[in-house]
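Reader: Hi! I'm new to this one. Could you walk me through it?
Author: Happy to, let's have a look together.

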Amino acid sequence: MAASATMAPMRIDGKKLRRIREARFMSRAEVGQRSGLHPDHVGRLERGDYVGGSRLDNIRKLAEALGVEPGEIVVSED
């Protein structure tokens with residue numbers, strides 16, 4: 001069974017994630033606490049240490065913690 005376009009892995013744009021987090025004066029620990037993700041995981045995402053895609057639920061959790069739409073923190077495919 002082929003994966004549909006909606007099932008394709010999405011990558012978090014680490015630079016965008018960090019820029020938004022810092023603009024909100026939030027630490028990685030605070031984002032981690034609000035999203036339920038470990039602060040080290042947030043740091044790895046910001047640095048781009050993950051080559052593959054991120055789980056959609058994690059993207060949503062991060063976006064909600066930062067008060068943005070999920071599309072604002074993923075790599076755009078333009």
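Reader: Which residues touch the most other members of the largest nonpolar core?
Author: Ile12, Leu17, Val31, Leu62, Leu66, Val68 and Ile73 do, out of 15 residues in that core. A nonpolar core here is a set of buried Ala, Val, Leu, Ile, Met, Phe, Trp, Tyr and Cys residues joined through side-chain atoms within 4.5 Å, and buried means under 20% relative accessible area, exposed over 50%, partly exposed in between (1.4 Å probe, protein chains only).

Reader: Which helix gives the most to this core?
Author: Helix 4, with 4 residues.

Reader: Before we go on, where do these values come from?
Author: This is a predicted model, where local features need pLDDT of at least 70, side-chain atom pairs count only at pLDDT 80 or more, and totals for chains, interfaces and linings use all residues. Residues are numbered from 1 along each chain as its sequence is written, and side-chain values use heavy atoms, with hydrogens and water left out.

Reader: Thanks! Now helix 1: which residues are buried there?
Author: Gly14, Lys16, Leu17, Ile20 and Arg21. They sit on the same side of helix 1, because they cover an arc of only 165° around the axis (taken from the directions from the helix axis to the C-beta atoms). Helices are DSSP runs of H or I, at least four residues, numbered from the N terminus.

Reader: And what's on the face turned away from that side?
Author: Exposed residues: Lys15, Arg19 and Ala23.

Reader: What do the buried ones pack against?
Author: Helix 2 (28-35), helix 3 and helix 4, with contact meaning heavy atoms within 4.5 Å.

Methods
Helices (H or I, at least four residues) and strands (E, at least two) are DSSP runs, numbered from the N terminus.
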